[in-house]
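Me: I'd like to go through this model with you. Can you take my questions as they come?

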Amino acid sequence: MTITRVSPGVVKIERHAMTLSERAYLPQVVAGMFRTIKHLLKNLFNPKGLPIISYPEVKRVYSERFRGRHILTSREDGTTRCVACFMCSTACPAECITIEAGEDQRTREKFPQRYDIDLLRCIFCGYCVDACPEDAIYMTRDYEMAIDTRARAVVGLRDLVVPPNFPVGPMGWRPYYGAIEKHGTAGGTGIGQPLRDAPFEDSDPPNPDVYRGA
Amino acid sequence: MSTLTKYSAIPYTGPAPTNREPYVPATVAASDARGQEIAARLGTLTLEQETGLDLPTFIVAKENIIDVLRALHDHKELAFTLPLDLFGNDYPGREKRFEIVYQLYSLQNNERVRLKVRVGEDESIPTSVNVFQAYDWYEREAWDMYGVRFDGHPNLRRILTHENFQGHPLRKDYDAAQRWLLTDQGVSTIIPKVAPQYDEALEESDFERVTLNLGPSHPATHGTLRIVATLDGETIVGADCEIGYLHRCFEKMSETHTYQQVIPYTDRLNYCSAVINNVGYCMTVEKMLGIEAPERAQHVRLMLSEFYRISDHIVCIAANLVDIGALTNYWYLFQPREEIIALAESCSGARLLPSYLRIGGLAVDVPDDFLANAQRIVTSLPKFIGEVEGLILKNRIFRERVDGVGVISREDAINFGFTGPCLRATGVAYDVRKASPYLGYETYDWDVPIAEGGDTYARFLVRFEEMRQSIRILQQAIDRGLPGGPVMVDNPYVALPPKEKVYNEMESLIYHFKLIMHGIQPPVGEQYFQVEGGNGEVGFYVVSDGTKHPYRVRARPPCFSIFEAFPKMITGQTIPDAIASLGSLNIIAGELDR
């Protein structure tokens, strides 16, 4: 295989005629075996260098803008920040958000009586987060959303609303402030990168009882 | 004028959003003059010229279209030999509601031309299959989508929709929510046409002919493709392809969404190189708006495009090698691909389908370790590529599987409208990045690799070399560093204001609200823009009627023409050869069926 320049900006790849050792099958087969055995030995004696993450014991680190499952944040008094303005459901390209608005009798504020996201329709594009003018919907780094029935794919307020002062520091896709620095990690296959347990502790699920919108 | 110019690098100079007048770019005069020249060269044939916003555009009477196409094709100096696209448009308000658009490219002069034929509902157009073989499938698609008949077409059946489908979905009066069920009874049997040289009467064979169905769910057809082959012994004597299994109505859905909402849909065209589709679509709409993304955004777009091109080639090469029995390479190549995808994830938050671009720039700035990670990947990539090259290129078993397999001649490749690595493997040095540079590709030092032969081996060689050239571009891009400044234009009619302003300023909140609810509203007009995708020219043709929904979005899928030529490539070969050559074409069903 030779590469020659035929004109400015164009190179031509000429295929080579097979040499004697190539025609004889065996030398190249042995050379190939040598190459793969080299990999085998390297991995055998240096298992830490393997590009493998032993899921689910070890979970990979995603960046702080990972677009995972959504949450609805709360104000300090425990009411949900969402004001049912329908911006997220309008911006949603997959039309997966259903909102029904209600009015708080005491404060005369709008709030969502129903807020459903169909996770099977959702394409996790983050447009809802970009559209929200109230800092109400975030995406987390939670990517483990296995379900056993289709009905469970539709998550409502019970699953979405998180308590006030919920730590949003290590959260995923959040509204972009312009000035805020967001560090990324390109963990890739995990070699030389820190690995940690699930970003969302399984023992600490969002508490549905905290929601006191009505 | 924008009042949000505090972060501004590029002051807003484009049209105001309420402006329904077409935005006329500065290049229109030049392209119109060129159009007049072309019309003069054709001599006897009179063409009616229309002011195209991007390309020389002609209105052709349907009686003349074949003559005009042939004249453009055969003309010594014009030589519009490459059929790029053929598609329909529907304008129900007009007297002749349908418009069939032909787009041709001249490899010799590096220019494009657009022809439009207007027809009414009951009219038909003579078929152009005899001039451009590529238009066989394109005409079937136009018939399927709009119901425009093509007289003399050899096989005018539905292509993207199924047999039980009623009506023509891209017509404006067709309800986007309408669904049709395909039942077992509806599925038609495909009997491939036997190539003339294998005519039964002429040939003496001891074998009974067998028709073999390959796909749509078959491990060797990456994606849902169906190939029906008639075999004489082991030789394929005739083949036919059926597509449309992954048709998700991209074009119809685009018409029901806003401009910004189409971006996640374009991700899902060629899902192996999603960012490149984003770039193509966003730049088309930016051209309509008369804006340009900031330098920093363009630099990131270029880098991610090249990373995704490498990733696309990796998927193609690795999967192709698995098809022909070399599994190890898959493991070796998918490690760098994983790193590339992780890099995209660190920017956008999603791995395969980043939806990272926005019209006017990027969704957010890249993380501050972006260049360091990019450098780490670029440094390690040659090792992985070299490893695989060392394993296969000198191996006789591999050579014999791919040498002279799935050959397509240069003339056929051009006539079928090939672009990308498959065209370059026949010795034609056509690359959009060189021919009509965008994102500043002209400022980088790199080469277009070509190879001779047009067979599977040549396509392998071209892809390997292209990865090396992409690494060269990336290394230069990293060395130059990221330009400073914003990643989004400062134009409140296009870009969402920063969130802290939305929370704190009334005006920004109103702009935010207007942009989400009423969307971007480009001025009236049509625009075509092309980028070099992983497997050829990805073009987007967008028509705006001044509202928040695109009037028409047409994606030019590069592998549509390539897969169309597949029966021709495998006729006379065996099934294992067909598998080997199918993998090397890099057919992505998401893009093929849209």
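Me: Which residues are linked in a network of salt bridges?
Reply: Glu306(B), Arg309(B), Arg424(B), Asp431(B), Arg433(B), Glu466(B) and Glu532(B). A salt bridge here is a side-chain nitrogen of Lys or Arg within 4 Å of a carboxyl oxygen of Asp or Glu.

Me: What should I know about the model and the numbering?
Reply: The model is predicted, so local features need pLDDT of at least 70 and side-chain atom pairs count only at pLDDT 80 or more, while totals for chains, interfaces and linings use all residues. Residues are numbered from 1 along each chain as its sequence is written, chains are lettered from A and ligands numbered from 1 in the order in which they are written, and side-chain values use heavy atoms, with hydrogens and water left out.

Me: How many salt bridges over all chains?
Reply: The count comes to 51. One of them joins Arg158(B) and Asp144(B), at 2.6 Å from N to O.

Me: Where do those two sit?
Reply: Arg158(B) is in the loop between strand S7 (149-151) and strand S8 (209-214) of chain B. Asp144(B) is in helix H3 (residues 135-146) of chain B, and the two are 14 residues apart. Helices (H or I, at least four residues) and strands (E, at least two) are DSSP runs, numbered from the N terminus.

Me: Are they buried or exposed?
Reply: Arg158(B) and Asp144(B) are both buried. Buried means under 20% relative accessible area, exposed over 50%, partly exposed in between (1.4 Å probe, protein chains only).

Me: What about Glu242(B) and Arg157(B)?
Reply: Their side chains meet in a salt bridge, 3.2 Å from N to O. Glu242(B) lies in strand S10 (residues 235-242) of chain B and Arg157(B) in the loop between S7 and S8 of chain B, so the pair ties together parts 85 residues apart in sequence. Glu242(B) counts as buried because its relative accessibility is 12%. Arg157(B), with a relative accessible area of 22%, is partly exposed.

Me: What area is buried between chain A and chain B?
Reply: About 5600 Å², with 54% from carbon and sulfur atoms. Buried area is the accessible area (1.4 Å probe) that two parts lose on being put together, summed over both.

Me: How many salt bridges cross it?
Reply: Six, by the rule. Among them, Arg35(A) pairs with Glu387(B), the closest N and O atoms being 3.8 Å apart.

Me: What makes up the nonpolar surface patch?
Reply: Tyr25(A), Leu26(A), Val29(A), Val30(A), Met33(A), Ile37(A), Leu40(A), Leu41(A), Leu44(A), Phe45(A) and Ile397(B), over about 1100 Å². Helix H2 (residues 26-45) of chain A supplies the largest share, nine residues. Patches use residues with over 30% relative accessible area and no salt bridge: like charges are joined within 9 Å, nonpolar side chains (Val, Leu, Ile, Met, Phe, Trp, Tyr) within 5 Å. Accessible areas come from the Shrake-Rupley method with a 1.4 Å probe; for residues, only the protein chains shown count as cover.

Me: And the make-up of chain A?
Reply: Five helices and seven strands. Of its 214 residues, 44% count as buried.
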